[in-house]
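Please keep the sequence and the model in view while reading.

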Amino acid sequence: INGNFTGKILAYQANQNVVVRSTDVQMIQKLSNGIGVLLQTGINVNNYGPQFYISSLNSLRPKLLADAMRDAQARAQAITSAVGGKVGAVLSVTSGPFQVTTPDSTDTSSGGYYDTTTIPKTVTATVSVSFKVSK
């Protein structure tokens, strides 16, 4: 009182974090958007928004890497054929990090990027390939 400590407890505050996992991402998004109904009842809710992940990313990786290798070979053939060369055997391959972004995004990171804010996603795999080249 009057800036002095009274030792009386005037209020309590409790926090509870809730994690919901579901493959029905449309329902999760709808529930998250409807959190305002709780606010109207006087309940304080911090909504940090849902996070959307690709549950099948592990099974997609081999196909994405194979596609990236085919793309690397096609690019190498385009470059070398312009100067009369031919692409030979693979000398080395390095796989880069996967980039999971929103569609049409240019976001990348050297350690990989993973957007969790949107449902639609684009997954990019990068490979660096060295080919033997002959004339």
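Strand E2 (residues 99-101) pairs with E4 in the antiparallel sense, over three bridges. Two strands are said to pair if DSSP finds at least two bridges between them; helices (H or I, at least four residues) and strands (E, at least two) are DSSP runs, numbered from the N terminus. The model is predicted, so local features need pLDDT of at least 70 and side-chain atom pairs count only at pLDDT 80 or more, whereas totals for chains, interfaces and linings use all residues. Residues are numbered from 1 along each chain as its sequence is written, and side-chain values use heavy atoms, with hydrogens and water left out.

The pairing of E2 with E4 belongs to an open sheet of three strands, in the order E3-E2-E4 and with mixed pairing. E3 and strand E4 (122-124) stand at the edges; each has a single partner strand, so one side of each is left without a neighbour in the sheet.

Within strand E2 lies Thr101, which stands opposite Thr122 in E4. Thr101 counts as buried because its relative accessibility is 5%; buried means under 20% relative accessible area, exposed over 50%, and partly exposed in between (1.4 Å probe, protein chains only). Leaving aside residues up to four places away in sequence, Thr101 touches Asp107, Tyr113, Asp115, Pro120, Lys121 and Thr122, where contact means heavy atoms within 4.5 Å.

Aromatic rings come next. The structure holds one aromatic pair. The ring centres of Tyr53 and Tyr114 are 5.5 Å apart and the ring planes are at 50 degrees, so the pair is tilted. By definition, rings of Phe, Tyr and Trp (its six-membered ring) pair if their centres lie within 6.5 Å; planes under 30 degrees apart count as stacked, over 60 as edge-to-face and the rest as tilted. The pair links distant parts of the chain, 61 residues apart: Tyr53 is in the loop between helix H2 (36-40) and H3, and Tyr114 is in strand E3 (residues 113-114). Tyr53 is exposed, with a relative accessible area of 51%, while Tyr114 counts as partly exposed at 32% relative accessibility.

Another ring, that of Phe98, has the charged end of Arg61 over it, 5.2 Å from the ring centre. A charge sits over a ring if NZ of Lys or CZ of Arg is within 6 Å of the ring centre and within 35 degrees of the ring normal.

Finally, Ile79 has its place in helix H3 (residues 57-81) and counts as exposed at 61% relative accessibility. Ile79 and Gln99 are 20 residues apart along the chain, and their C-alpha atoms are separated by 26 Å.
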